[in-house]
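User: I'd like to go through the labels on this one and see where each comes from. Can you set the values against the cut-offs for me?

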Amino acid sequence: MPERNVVSWTAMVRGYVEEGMITEAGTLFWQMPEKNVVSWTVMLGGFIRDSRIDDARRLFDMMPEKDVVAQTNMVLGYCQDGRVDEGREIFDEMPKKNVISWTTMISGYVNNNRIDVARKLFEVMPEKNEVSWTAMLMGYTQCGRIQDAWELFKAMPMKSVVASNSMILGLGQNGEVQKARVVFDQMREKDDATWSGMIKVYERKGYELEVIDLFTLMQKEGVRVNFPSLISVLSVCASLASLDHGRQVHAQLVRCQFDVDVYVASVLITMYIKCGELVKGKLIFDNFASKDIVMWNSIISGYAQYGLGEKSLKVFHEMFSSGVMPDDVTLVGVLSACSYTGKVKEGREIFESMKSKYLVEPKTEHYACMVDLLGRAGQVEDAMKLIEAMPFEPDAIIWGSLLGACRTHMKLDLAEVAAKKLLQLEPKNAGPYILLSNIYASQGRFHDVAELRKNMRKRNVIKPPGCSWIEVEKKVHMFTGRDCVSHPEHPMIMRMLEKIGGLLREAGYCPDSSFVLHDVDEEEKVHSLRYHSEKLAVAYGLVKLPEGVPIRVMKNLRVCGDCHSAIKLISKVMGREIILRDANRFHHFKDGLCSCRDYW
C-alpha cells in the first residue's frame, strides 16, 4: 500500500489478533505511526484473549483515552482470570457504564461462584436487557439454586430462548419435570437446544414414554433432530424395546451419516439387542471394521442375555485373539453368559485367570456373577464359601444372588442368612422379604410369613408392582398385574385370555399357584395368575399383531415360573413367536420351547 492510515494499521493488527497471533499483533501495534482509541482497544482485546492480563493492564494504564469498551474489556479480562475484585475496581472507577458493562461485571461474579454479590449488583442495575436477565438466571441454575432461578424466571419481562433452555435443564435436574415441560410448552420459539434439553430431562428422569411422544411431535412439526437428541431417543428405545422408533432413529442416523461413528454403532447394537433383534445387532457388529471395546462388550452381553453361552464365549475368545484386551464389563458379560447357561467349568476357568491372563482385578460384580453361576447350578454351599473368601465385604447384589439360588433349590438355612444380610444393607428393599416369604410359605411356615409381613409394614416397605409393556403401531401399551380395565381395548383382551385359557387347559396346562405368594403386601389383594402383567401383554399382542410378526413383551421384574410355563405353551398352541425381556434376560419362546432351556 503506497499509503496507510490508522484504519489500515488497525485492520492489520485486528487480523493478527483474530488469528491468535498476539506477538505479531503487538510488534505491528508498536510500529504504528499514530494510534486511535480503536487501535488501543483492539490490542487490549488481543492480550485479554491470550490470557495475558498483566500485559493488558500495562497497556490499559498507557492508554491516552479509555472509553467504555476498553474499560469493559479490562473488567472482563480480570473476571476471566478469576481476579474479580480487581475487575470490580475498574468497574467502580468507570465514569460512564452501559448495560454491557453492568452485565459483564454480573457475569464475572456469576462465573466465579459469587452469586449473591451478583444478585445485589443486578438489583441496583439502572437498566437491564435480555442478556442481563439471562446471565443472572444462568448463575442460579449453574450453582443448583433452582428455586431462586424459578422466581427470577417468572419475573423476567422477556424470556430469551437461552434463558428458557437453561430453566428447562435446571428444573429437570432438580426433578421438577412437569415445570420444565410447562416452560417448554410456553416457549414461542424453540431451537435445537430446547428440544434436545427437554428430551434429555425426560430420559435422565425415567420419563421414557414422554421421550417417545416428544420425538413423535418433533417429527410431526418437521423439526430436524440433532445428534444428542437422536442418541437420547435411541437409549430410550433400547430401554422400552421400542423397535419401530429405534429403526426410525437408525434411518435418520444413516441419512445424516452419523452411523459411521463407532460410538453410534455401539448404541445401535445395544438398542437392537434390547429390542429382541439380536441378528440385526450382530449384523451391525460384523459390518463395522474398526470395533472398539464397547462394541465387543455389547455383543458378548447380548448373547449372554439371550442364553447363548456358547456364542458369547466364542466372541469373547475372538476378541482376545484379535488383540483387544477385555475390561471389567467384558468379563461381567462373559461370566453372566456362563451363569445363564450353566457353564460352571468355563466360568471358573475365566474367573480364576482374570488377573493372570486378562490383567483385570476381580471386583464385586465379578464375584456376584460367580455366586450366581454356582447358585443356579445348585452348588449353593460353594457359592457361600466363595462369599466368605472374598477380599472385600459382599454387597446387596451378591447376597441377592445367593438368596435367589436358595429359593430355587430350597436351602432355607442359607436363605435366612442371605436375607438377614440383605435387610441390613437395604432395609427398604421388598425383594428379600418376598423371596424369604415364598420359601416359608412353600414349606407351610405361615407364622414366619405373617412375621415378615408385619416387619414390612413396620418399616414401610412397599413391593414394586409388576408391569409389562408391548409396542403396537409405534405406541407403547403398559399393563400392571392388577387389571387392564382402563385399557380402551379391555373387552378384546379378556376374550383373548378366555380363548388362551381354554387352549392351555386342553394342552394340559395346570397353573402353579405357588407363584401367587410373591405378593406379601396385605394392602394389595392377591390376583389370579391369569392376570399377571406379562400374560395381559401377550394377549394384547395376539389380538393386535398379525401372524408371522413376533410378539415382543418387556417386564420390569423377573418373569414368574407359572407365566414362563404358560407362555411356552401359548407359543405352541397359537403358533406364535414370543420374545419376553424381563429384568434379567431374554426368553425366546417358539413351538413350545424357550431359548433359556428352562435354566433361568
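Predicted model: local features only at pLDDT ≥ 70, side-chain atom pairs only at ≥ 80, totals over all residues.

User: What makes H26 roughly parallel to H28?

Analyst: Helix H26 (residues 396–409) and helix H28 (residues 430–442) pack at an angle of about 20°, their axes 10 Å apart. That angle makes H26 roughly parallel to H28, given the cut-offs: under 35 degrees is roughly parallel, over 145 roughly antiparallel, 65 to 115 roughly perpendicular, and the rest oblique. Helices here (H or I, at least four residues) and strands (E, at least two) are DSSP runs, numbered from the N terminus.

User: Which residues of H26 and H28 meet?

Analyst: Leu403, Gly404, Cys406 and Arg407 in H26 meet Pro432, Leu435, Asn438 and Ile439 in H28, where contact means heavy atoms within 4.5 Å. By class, that contact has five nonpolar, two polar and one charged residues. The classes go like this: Ala, Val, Leu, Ile, Met, Phe, Trp, Tyr, Cys and Pro are nonpolar, Asp, Glu, Lys and Arg are charged, and the others, Gly among them, are polar.

User: And what makes H6 roughly antiparallel to H7?

Analyst: Helix H6 (residues 84–93) and helix H7 (residues 99–111) pack at about 165°, with axes 10 Å apart. So H6 comes out roughly antiparallel to H7. H6 also passes H7 in a left-handed crossing; left-handed means the near helix is turned anticlockwise from the far one by less than a right angle, right-handed that it is turned clockwise. Val84, Gly87, Arg88 and Phe91 in H6 meet Ser101, Trp102, Met105, Gly108 and Tyr109 in H7. The residues of this contact divide into five nonpolar, three polar and one charged.

User: Why is valine 110 called buried?

Analyst: Buried means under 20% relative accessible area, exposed over 50%, and partly exposed in between (1.4 Å probe, protein chains only). Valine 110 has a relative accessible area of 8%, so it is buried. Valine 110 is found in helix H7 and touches Ile115, Ala118, Ala135, Gly139 and Gln142, not counting residues up to four places away in sequence.

User: Lysine 568, buried or exposed?

Analyst: Buried, because lysine 568 has 16% relative accessibility. Lysine 568 has its place in helix H32 (residues 561–573). Leaving aside neighbours within four places in sequence, lysine 568 is in contact with Phe589, Gly592, Leu593, Cys594 and Asp598.

User: How do you know that the protein chain is more spread out than a compact globule?

Analyst: The chain comes to 32 helices and six strands. Its radius of gyration is 32 Å, well over the 25 Å that the globule rule gives for 600 residues, so the chain is more spread out than a compact globule. The radius is taken over C-alpha atoms, and the rule is 2.2 Å times the number of residues to the power 0.38. Those C-alpha atoms fill a box of roughly 100 × 55 × 50 Å along the principal axes. Of the 600 residues, 49% count as buried.

Conventions
Residues numbered from 1 in each chain as written. Heavy atoms only, no water. Axes fitted to C-alpha atoms, helices over the stretch in contact; angles between N-to-C directions.
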